[in-house]
Amino acid sequence: MPKSLKSLLMVSPLAAVMLVFLVLPIVMIAIVSFWRATEFSIIPAFSFENYEFLFGSPVTYKVFLNTFKYALITWAFTLAIGFTVAYFLAFHVRSQNMQIVLFLLCTIPFWTSNIIRMISWIPFLGRNGIANSALLSMGVIDQPVEWLLFSDFAVILAFVHLYTLFMVVPIFNTMMRIDRSLIEAARDAGASGPQILWNVIVPLTKPGIMIGTIFVVTLVMGDFITVRIMSGSQSANVGRLISNDIALLQYPSAAATAVILLITVLMVIGILLRFVDIRKEL
Amino acid sequence: MEPRPRSFYLLAAFFGLFLLFLYGPTITIAILSFQGPQGGLTFPMNGTSVYWFKDLFEQQAVGDIWGSFRRSFALGFMVMVTTVVVSVMGGLAFRSRFPGSGLLFYLIITSLVIPSILISLGVGLMFSQSGMKVHWATSGYGSQLTWTLPFGLLIMFAVFNRFDKSYEEAARDLGATPWQTIRHVVLPIIGPSLIGVALFGFTLSYDEFARTLLTAGSYNTLPLEIYGMTTNVTTPVLYALGTLTTVFSFLMIGVFLLLVTLTARRKAKAGSDAGKGMV
């Protein structure tokens, strides 16, 4: 059997799953986005109605803007925290065993259900929560702060809590592959600590940063459940727009929003991929 | 050893705070799940008891938790096995270029970054429009694979990129058939990473909410059940469930770690002299 035929055979289950559960569903969404819906059923008829409504409504623009806002702020925080944590693990922890132990410590919460981890912020941030009572007893505030829970603050806090690890892993991974002699060389050439960090480590870590960025940005842009739970249904992003339409059985309208979301996400990824060759980084 | 610079202590403190941030909320609800019967969702504790755990086991008023747990476990297991087998086959295939490999690679990346709700919506629509019934073991299973397979495959890419091909050449030189080479040389070497792929496959599936939202059909999986509870349950029974699922996750990690140590030990016992050289 020729080699390429054998490869094709071996890869066929994978290709089949991708075709049936990725390509066909996207095609289906694209088709349905041109259909019409009544309160009871969806009608296969070609019309631009959904898109006209979508682009004609100021809500759409507001919600997309909100989605970008969440993505950008979450990205900034996860990057800052993730980079620092990865830097500490890769360059300051000396024994490899210790690195593995500390790394595992970071990943353990990841195995607990996302939804459970979200709701575990409630006793923390609520009106009578730990944060408020701590601030009260320290005298920082004299009345419980209301905006801690069910606010944009809570949404972004939950995002950072859930997704920072997606930043730590790829950054740590690239940092571990940096040749240590490069850093020695920089030091021998008289570079200070911050200079080494900025001129040697950061450029060499860029691929990891890009991969982490792709993860965080796409996860945040597609999310609907965190926003719903943490904002107490008071804020919306595109994911929630879609899930609301689904809940109302307005599938064509949900599909149209989904198409726009997909195009947006792929455009963002396309831009990010210009900075890094994923295949080379594995 | 040279003395630690001051930045080390600063960074170590930062890392400590990060851990506190990661664990704090989970520990809080673990404590709160032991509220007394009159206790609420926040501090102060109103006595301590295992009332809410009992509530979880006895009443079943909140839905079909144990049924959904069984389904999630079965589904996670199916997804895990499929992910391991298909990822290994895919990883082996991707070592040589085949027609369409570039396209398939980009499909896999797309599958990884596409918002989960789109898969859910698309698969749900596809099934309903073609008259098929959505069910967690068919549409739910397939939707989850679009999330676990890319992860499994990326791990396999990383593994095979670091794989020393001379082992295979040696096997071939000794007259092994391709299948024998894979069975006796390649698989034992990549074995430990397969446990990683399996763990990924299981937990990603076990926790997947968005991709099963419209594809699980009339029988909920556990994340869907938990989601349902967040909208209509306002007692610490929710925290009790959270604590239990966390403990279960720990058990699963424990099982997998045990497997890793056992395979490592068995390998050490088999007494390979690989890499020790002739001297």
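**Salt bridges and a positive surface patch**

In this predicted model, A:Lys69 and A:Asp152 form a salt bridge whose closest N and O atoms lie 2.8 Å apart; a salt bridge is defined as a side-chain nitrogen of Lys or Arg within 4 Å of a carboxyl oxygen of Asp or Glu. Because A:Lys69 belongs to helix H3 (residues 58-92) of chain A and A:Asp152 to helix H8 (residues 152-176) of chain A, the pair ties together parts that are 83 residues apart in sequence. Helices (H or I, at least four residues) and strands (E, at least two) are DSSP runs, numbered from the N terminus. A:Lys69 is partly exposed at 35% relative accessibility, and A:Asp152 is partly exposed with a relative accessible area of 26%. Here buried means under 20% relative accessible area, exposed means over 50%, and partly exposed lies in between (1.4 Å probe, protein chains only).

The model is predicted, with local features requiring pLDDT of at least 70 and side-chain atom pairs counted only at pLDDT 80 or more, whereas totals for chains, interfaces and linings use all residues; side-chain values use heavy atoms, without hydrogens and water. Residues are numbered from 1 along each chain as its sequence is written, and chains are lettered from A and ligands numbered from 1 in the order in which they are written.

By the salt-bridge rule, the count over all chains comes to three. Another of these pairs is A:Glu49 with A:Arg36, where the closest N and O atoms are 3.5 Å apart. A:Glu49 lies in helix H2 (residues 49-56) of chain A and A:Arg36 in strand S1 (residues 36-37) of chain A, so this contact ties together parts that are 13 residues apart in sequence. A:Glu49 is partly exposed at 40% relative accessibility, as is A:Arg36 with a relative accessible area of 35%.

In chain B, B:Arg95 forms a salt bridge with B:Glu168, at 2.9 Å between the closest N and O atoms. The pair links distant parts of the chain, 73 residues apart: B:Arg95 is in the loop between helix H3 (65-93) and helix H4 (101-113) of chain B, and B:Glu168 is in helix H7 of chain B. B:Arg95 is partly exposed at 28% relative accessibility, whereas B:Glu168 is buried, with a relative accessible area of 8%.

A patch of positive charge on the surface gathers A:Lys3, A:Lys6, B:Lys165 and B:Arg172. Such patches consist of residues with over 30% relative accessible area and no salt bridge, like charges being joined within 9 Å. B:Arg172 is found in helix H7 (residues 166-173) of chain B and is partly exposed at 49% relative accessibility.

Terms used: Patch = residues over 30% accessible without salt bridge, like charges linked within 9 Å, V, L, I, M, F, W, Y side chains within 5 Å. Areas by Shrake-Rupley, 256 points an atom, 1.4 Å probe, with all protein chains shown as cover. Lys, Arg positive; Asp, Glu negative; His and termini not counted. Charge placed at Lys NZ, Arg CZ, Asp CG, Glu CD.
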